[in-house]
Structure formats: structure tokens, C-alpha cells
Amino acid sequence: MPFSFDYVIEILPSLLEGTLVTIRITILGMLFANLWGIVVAVIRWIGLKGLTSFLNMYVTLMRNIPFVAFAFYGYYTLPSIGVTLEPFGLGILILALYYGAFIAEIYRGSMKSVEKDQLEAAEILNLSRWKTMRVVILPQIFIVSLPSLINCLISTFKDSAYLGWITVRELMWHAKNEGALSFRMFEPFFMATLIYFVISYPVALLGRAIEKRYS
Amino acid sequence: MNDMSMETLRLWMSYLLPGISETLRATLVAGCLFPILGIFVCYLRLSGRALLRAAGTAYVEFLRGTPLVGQLFLAYYVLPFWGIKLSAPIVGAITLAFNSSAYAAEAFRAGIESIPREQWEAGRILNLSRAFIFLRIILPQAVPIFLPVMGNELLTLLRATAALSLLGVRELLFRARDLSSATYQPFPIMTIVLLLYFLMSYPASEFVRYIERRVKYLSA
Amino acid sequence: MPPMIRVVNAVKRFGHLVVLDHLSMEVARSEKLVLIGASGSGKSTLLRCLIGLEILDEGSIEIEGEILKAEQVGSRLITPSPAEIRRVCSKLGMVFQHFNLFPHMTVLENVMVGPRHGKGMAKYKAEVLARKYIEKVGLLDKIDTRPPQLSGGQRQRVAIARALAMEPDIMLFDEVTSALDIELIGEVLKVMRELAEEGMTMVIVTHEMHFAEDVADRVVFLDKGKIIEEAPPRVMFRTPREPETQRFLRSVLER
């Protein structure tokens with residue numbers, strides 16, 4: 001294994017700088033993806049005629065193309081239609097558009113399952129006050145979706161690595177950069193991958209713990 | 001876009017289509033490998049020996065908790081040091097196989113563990129060997145459960161081959177980027193490529209859903 | 001003549017819970033023993049220990065003279081090997097509350113699998129044997145169907161046939177009618193009655209008190225892992241001695 005500890009110490013600051021960017025872009029990306037995803041989910045749920053079928057196609061499309069392909073698509077084509085964003089913003093946009101579709105699907109599933117339960121409970125309790133239903137149903141949707149949302153967060157975190165190839169200066173970009181400068185490729189990628197693991201694993205454990213608590 | 005003739009389109013496609021065959025080749029190789037690796041790792045995870053279980057768990061957690069792109073570059077740059085000289089497409093396919101095998105192992109495990117332990121007990125009482133119970137009683141009941149998951153994982157793998165372009169493998173996305181920069185027409189080319197990925201992925205995913213429904217009907 | 005079953009000082013713990021508390025009992029050849037008690041009293045655990053699905057922490061189980069026990073050697077507890085357990089417990093058959101049939105196999109295959117693959121019998125011999133017992137429980141017409149297509153009573157009868165096909169000397173029944181709709185219970189009890197009349201040694205855990213009164217030679221009442229009282233059925237049900245027994249019988253008969 002071509003490993004030099006001194007070299008690792010040398011590149012660590014650069015990698016950590018990238019890590020911060022990765023974390024920020026993941027969180028912001030997830031945030032906007034959620035906002036967008038809720039909008040899409042609600043529109044599909046209500047069923048506004050033309051918009052719904054368009055959004056259905058959008059969701060199906062996102063779920064069937066690779067993220068890296070979509071990222072390059074955005075990077076190459078958005079400037080040509082006048083959308084000029086600096087890399088960080090572009091990265092957030094791409095993450096939000098791509099994962100927003102997945103989140104919309106997550107919410108769709110939760111809405112379906114919560115409604116079924118609530119309809120049964122409502123029948124038994126003879127609840128016909130829609131306001132109460134709204135207060136009971138909506139927060140439940142979030143709780144039911146939580147494990148899937150956390151999985152989504154982890155996927156977003158991992159996929160953010162591809163953004164390094166569209167000039168976003170996140171963790172992978174720094175790894176690539178250091179490797180290119182020093183011609184020592186192994187240590188940067190090893191440390192970068194390790195950092196991804198060190199951050200994602202606790203989150204995954206948290207997600208599983210939450211899933212267990214609420215099953 | 002109207003000055004784009006059929007001739008240009010055919011020219012582009014003649015450059016892109018070999019990329020599809022490269023994509024499918026990687027999918028095929030990795031697609032055959034990953035279930036086998038997955039069964040092996042699942043066996044580790046379900047073993048009675050703590051050391052084997054820990055190894056299996058480490059394998060699954062690491063491969064699922066790190067980006068595929070990171071694994072690809074790690075494999076590509078570490079293998080030469082171990083004296084293994086492999087080309088990028090092969091390293092890529094093998095890494096894809098390892099990556100997907102982690103998800104496969106989990107799918108197998110979930111399938112097997114979903115079979116009630118009373119099935120094992122009924123088998124033991126009839127003096128059936130552990131191997132027989134596993135192969136002829138548990139597995140046939142678990143297959144309908146994990147088959148759709150494996151199908152979906154294969155499709156995920158097909159889409160993941162796009163990452164190989166970053167290693168220089170001349171598959172579809174690589175050729176798309178290449179062509180885009182050569183012709184200065186990224187918009188139509190990238191749109192076509194997204195469409196191509198969609199056409200490879202969507203019908204197959206509907207097929208998997210169909211299988212899932214048929215199989216649910218069987219175990220009712 | 002040694003008893004068919006002899007349990008001496010059995011102790012079984014699950015964590016801090018003592019499920020079998022220094023329990024001793026014997027079952028003679030052709031005897032029909034009925035175990036009653038509240039859930040958690042240890043009845044199912046006792047059956048599971050008899051057939052080798054669980055191993056006692058202390059005490060011993062003797063099946064037709066062959067003893068199974070955990071030996072304390074120094075600081076280590078050496079338990080019998082799976083092969084040893086299989087050997088001793090092969091003389092017992094068991095039927096469960098939730099049938100535990102193999103859903104992907106037909107009735108014939110379910111009943112055949114034990115003799116063929118568990119005992120190494122030749123295929124045609126195993127099939128003849130299986131057909132004999134399937135006929136005995138009255139399900140020849142369903143021989144090529146799969147469990148999901150059978151009613152609960154039919155499934156349980158298949159489970160009995162599957163256990164009988166191993167030609168055991170002792171049959172254990174763990175609340176085999178508790179999961180059945182009322183109208184399906186009778187067909188299962190009929191098969192059990194016939195078995196009893198043919199002289200099979202049976203240990204039955206049940207809530208069907210009328211059936212118990214008809215079939216049992218002896219009724220044993222368990223509470224918290226101990227035998228509180230045992231008596232012939234008429235005595236047990238009409239004039240129970242212990243207060244716990246009376247309390248239990250009252251709560252059951254109120255149903």
C-alpha cells in the first residue's frame with residue numbers, strides 16, 4: 001500500500017476544507033430538495049390536471065437517469081440558456097432538482113399509507129373534523145418519511161462527490177487536485193473516501209435507530 | 001436546432017452507440033459477479049462466528065457508506081501497487097460488482113431473515129440437515145422476496161456505469177462529454193444521452209415491477 | 001420398564017426469567033398427558049425441551065431410557081451436540097399451534113420430506129408412507145395442493161400427518177387448535193382422538209377442556225414453571241385441590 005503519513009498530514013487541511021463544502025452543499029441541497037419535493041408531492045396529490053402529468057414525467061425521468069449524467073447535463077446546458085450560477089449554487093440546484101423527485105416519491109408513499117391508517121381510525125372514532133385530521137395527518141407524514149429521508153440524505157452526501165467534476169470545490173475536488181499536484185493519487189482518494197465513511201456511518205446508524213423506535 | 005440534419009444525428013449516434021455497448025458490457029460483467037459476491041457476504045453476515053459476522057458487516061457498511069466514485073479511484077490507484085495490472089474498464093466493472101454486492105448481501109439477508117424461524121424448527125424436528133433446510137425450504141421462500149430487489153439493484157448498477165466515465169472508460173457518458181466539447185453543441189447531445197439512459201432504464205424497471213407483482217401473487 | 005419420558009429437576013431460564021423451575025415428571029407408554037396452565041407457565045417450553053428445540057440449563061430429560069442433559073465440567077457447561085439431540089429426540093413428533101407447514105411444497109411433499117430426506121428413505125417408499133398417513137388424516141383428495149389453499153383445520157391435519165410420517169413413539173401437541181376457527185377444531189380433535197385410541201403416547205397442551213376430559217389419562221397444571229397439581233381429568237376438573245388451580249379453571253371456564 002503506497003501510504004505516506006507525512007503526505008497525509010500535508011493534504012489534510014485541503015481535504016478538510018473540501019469536507020466543509022461537501023457538508024454545506026449536502027445540507028443546502030437536501031433542504032431545497034425537500035422544499036421542492038413537498039411542492040411536487042402536494043401538486044401531484046391534489047391532481048392539478050396538466051401540471052401533474054408533467055411532474056409525473058419529471059419524477060420518472062430523474063429516477064431513471066444517473067446523477068452524474070444529470071450533473072453534467074446541468075453544467076453544460078444551463079449556461080447556454082442563460083442560467084449562470086457559480087459552481088456551489090449550481091451544485092445545490094442540481095442536487096435539489098434530482099433528489100427533489102425522489103423526495104416527492106417518498107412523500108407520496110407516506111401520504112398514501114398515512115391516509116389509509118387515518119381513514120380507518122377516523123371511521124372508528126367518527127371524526128369528521130378536517131382541521132383535526134390536518135393536525136394529525138401532516139406531522140405523521142413527516143415521521144413516517146423520516147427513515148427514507150435520512151437514506152436520501154446519505155445518498156445526496158455520497159453523490160455530492162460527483163460535483164467535484166463540475167468545478168465545485170468540495171472534498172473530491174480537493175482530493176483530485178492534490179493528487180494531480182503531487183502525482184500521488186492513492187493517499188488523497190483514500191483519505192477522502194475515509195472521510196465520507198466517517199461522516200455517513202453515524203448518520204446511517206442514527207437512521208436505523210429511528211426506524212426501530214418508530215416501527 | 002433546426003439546422004441539425006439527420007446526417008448529423010446519424011454521425012453523433014455512430015459515436016455514442018459504441019458507448020452503449022461499453023455500458024452494457026460493464027453492466028453484464030458486474031451484474032453476473034455481484035449476486036455471487038452478495039451470497040458469500042450474506043453467508044458471512046449470518047455466520048455463527050463473530051469474526052466472520054464482523055468482517056461481513058465491515059464490508060457492507062464501508063461499501064454502502066462511501067461514494068462509488070471514491071471506491072473506483074481507490075481501486076484504480078491501489079491495484080498497480082499490488083502488482084495487479086488491469087485496464088480501467090475491468091477495474092471499473094469489478095468495483096461496481098463489489099459495490100452492488102453490499103446491497104445484494106443486505107437484500108439476501110433481509111429475505112432469509114424474513115422467513116419465520118419456525119420453518120427452521122419444523123425442519124430440524126424432521127431430522128433435516130441445516131444445508132437441506134437452507135437450500136430447499138428457506139431459500140425457495142426467500143427468492144420471491146429478494147428477486148425484485150436484486151432486479152432493482154441491477155438497474156442501479158446500469159445507471160452507475162456512468163461513473164466509469166470519470167476513470168476514462170469510453171462508455172456512454174464519456175463519449176457524450178467528448179462529443180459535446182468537440183461539437184460545441186452540448187444541449188442536443190446531452191439531451192439525447194439522458195434519453196438513452198432513460199430508455200435503457202425505464203422499460204427494465206417496469207419489467208421488475210411486473211415481476212414483483214407476479215411474485216407477490218405466488219406467496220399469498 | 002422405563003417410562004417413555006422422564007424429566008428430572010428441569011430448569012430453563014431465558015435471561016432472568018425462570019420458565020421451568022425444578023420440574024419433574026414422568027410419562028408412561030401409551031399415556032395421554034394433558035398440560036394446562038396460563039401463558040408463560042412453561043408448557044410450550046417444556047414441549048420444546050422434550051423435542052430438543054431448547055436445551056435445559058439444569059436437570060435432565062430421558063426419552064425411552066436415553067438421557068439428555070447438560071454437564072457441568074469445571075466452569076464450563078457442556079451441552080449435548082445437535083447430532084446427539086437428534087438421535088434421542090427422533091422418537092418424538094410435534095405439532096405446532098401455527099402449523100409451520102412448508103408453503104411452497106404440496107401436501108404430499110410436506111409429508112414426504114421427513115422420511116425421504118430426514119431418514120434417507122427411498123423415494124417410492126417415502127411416498128407410500130406419506131400417502132398412508134395423509135389418508136389417515138382424511139386428506140387424500142388434497143394431496144397435490146399447497147398449504148395456502150387449505151383451511152386451517154386441513155393444514156393442521158397435514159401437520160399431524162407430517163409428524164406421524166416419521167413414525168414417532170411419542171407425539172407432542174402444542175395448542176394445536178388455538179389458532180383455528182371454531183368450526184374447524186372438530187376435524188383436528190377427531191384425528192387426535194383416533195391416535196389416542198390406537199395407543200400413541202401423547203403429551204398435549206390445550207385449552208379444550210372437554211377434549212381433555214375425554215382423552216386424558218392425567219392432567220397436569222403448571223404455573224410459573226412448577227407443577228402445582230396433577231390428577232385424573234375428572235378429579236382435576238370437578239374437584240381441584242389447590243387454590244391456583246381453582247383460580248385458573250374458573251378463568252378458563254368463564255370463556
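**View 1. The salt bridge between chain B and chain C.** Across the interface of chain B and chain C, the rule finds one salt bridge, defined as a side-chain nitrogen of Lys or Arg within 4 Å of a carboxyl oxygen of Asp or Glu. The side chains of C:Arg48 and B:Glu121 form this bridge, at 2.6 Å from N to O. The model is predicted: local features need pLDDT of at least 70 and side-chain atom pairs count only at pLDDT 80 or more, while totals for chains, interfaces and linings use all residues. Residues are numbered from 1 along each chain as its sequence is written, chains are lettered from A in the order in which they are written, and side-chain values use heavy atoms, without hydrogens and water.

**View 2. The contact surface of chain B with chain C.** In this interface, 17 residues of chain B are in contact (heavy atoms within 4.5 Å) with 20 residues of chain C. The two chains bury about 1700 Å² between them, 63% of it on carbon and sulfur atoms; buried area is the accessible area (1.4 Å probe) that two parts lose on being put together, summed over both. In chain B, B:Ile125, B:Leu126 and B:Asn127 lose the most area to chain C, together 37% of what that side buries.

**View 3. The surroundings of C:Thr177.** Beyond its neighbours within four places in sequence, C:Thr177 is in contact with C:Ile185, C:Val188, C:Leu189, C:Thr206 and C:Glu208. C:Val188 is eleven residues from C:Thr177 in sequence and 7.4 Å away in space, C-alpha to C-alpha.
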